[in-house]
Amino acid sequence: MADGVLGEFVVPDIKINAANDIELNELVWKPLRYGEQLWDIGIPNRTATEFFMADNFRDTEISYKYAELFPDDITYVIGESDFRKDWFFQHVPHNEDPEAKSRPFFGASSPGRATPYTIIFNLDEKPQGTAVLRFAICGTGARSLDVTVNGKNAGSLRNLPGDGVITRHGIQGIWYERKIEFDASMMNKGRNELILTIPAGNVNNGLVYDYIRMEIY
């Protein structure tokens, strides 16, 4: 399990002015949980600094290097893989042009193919109920993300807010949460395969994840 807390704490209707002190008393935050946590990837810290190659985020060619480092794309095994070594910090279209270069003011912008990140996990029993795949995202160039579970469509994220972080060689942009809910019976007792797919497009049209968590209720 990762350290840190997923979510935001908001207290409405607090008014502050220069003339008065206010007493907030005790503020209690109970972070949202939909149900039992099955697994997670990363640390909910509003940035991607814990993932592989994140310390090279200012490298103008970094989005191209994903294809060199992971020619067969990422397969991440829960309980075995280490997100510090096995999860590239940018989920971007996979460059197929070995001669492609970053351009000033445009970044790494040549076209790439659709890119799957495959997550393998095992369950002791066949689940029932509703599964909730929760995303905390801290950088957005893609407008969508597709999710399959054991070869079947589980849903998509759509109309994501672009912030230019990948194009501008950043590590942290607009932070937000999204979730996909699906029937837990799509998962099996034993081995399961969940695939996150960034669509084909410019190599800077990807996502930078802060944290991913699977829950079930």
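Start your tour by selecting Glu 215, which is buried, with a relative accessible area of 0%; buried means under 20% relative accessible area, exposed over 50% and partly exposed in between, using a 1.4 Å probe and protein chains only. Before going on, note that this is a predicted model, in which local features need pLDDT of at least 70 and side-chain atom pairs count only at pLDDT 80 or more, while totals for chains, interfaces and linings use all residues. Residues are numbered from 1 along each chain as its sequence is written, and side-chain values use heavy atoms, with hydrogens and water left out.

**Stop 1: a charged pair**

The side chains of Glu 215 and Arg 134 meet in a salt bridge, 2.9 Å from N to O. A salt bridge here is a side-chain nitrogen of Lys or Arg within 4 Å of a carboxyl oxygen of Asp or Glu. Glu 215 lies in strand 12 and Arg 134 in strand 6, so the pair ties together parts that are 81 residues apart in sequence. Arg 134 is buried too, with a relative accessible area of 4%. Now show Glu 177 and Arg 213 as well: salt bridges that share partners join Arg 134, Glu 177, Arg 213 and Glu 215 into one network.

**Stop 2: the four-stranded sheet**

Switch to a cartoon view. Helices (H or I, at least four residues) and strands (E, at least two) are DSSP runs, numbered from the N terminus. Two strands pair if DSSP finds at least two bridges between them. Which order do the 4 strands of this open sheet have? The order is 1-12-6-9, with antiparallel pairing. At the edges are strand 1 (36–42) and strand 9 (176–183), each pairing on one side only.

Select residues 130–140 and 207–216 to see strand 6 and strand 12, which pair over 9 bridges. Within this pairing, Gly 139 has Val 208 of strand 12 as its bridge partner. Strand 1 is joined to strand 12 over 6 bridges, and Glu 36 is partnered with Ile 216 in strand 12. Strand 1 is mostly covered, with 5 of its 7 residues buried.

**Stop 3: Tyr 209**

Stay in strand 12 and pick Tyr 209. Is Tyr 209 buried or exposed? Tyr 209 is buried, with a relative accessible area of 1%. Show His 91 next: its side chain makes a polar contact with the side chain of Tyr 209 at 2.7 Å. A polar contact is a pair of N or O atoms within 3.5 Å; within protein, one must be able to donate a hydrogen and the other to accept it, and residues adjacent in sequence count only if both atoms are side-chain atoms. Gly 42 is 167 residues away along the chain, yet the C-alpha atoms of Tyr 209 and Gly 42 are separated by 8.3 Å.

**Stop 4**

Finally, find the open sheet of 5 strands in the order 2-5-10-7-8, where the pairing is mixed. Its edge strands are strand 2 and strand 8 (152–158). Select residues 144–149 and 190–198: strand 7 and strand 10 run antiparallel and are joined by 4 bridges. Here Asp 146 stands opposite Thr 197 of strand 10.

**Last stop: another salt bridge**

Select Asp 73 and Arg 113, whose side chains meet in a salt bridge at 2.9 Å, N to O. Asp 73 sits in the loop between helix 1 and strand 2, and Arg 113 in strand 4 (residues 111–113), 40 residues apart.
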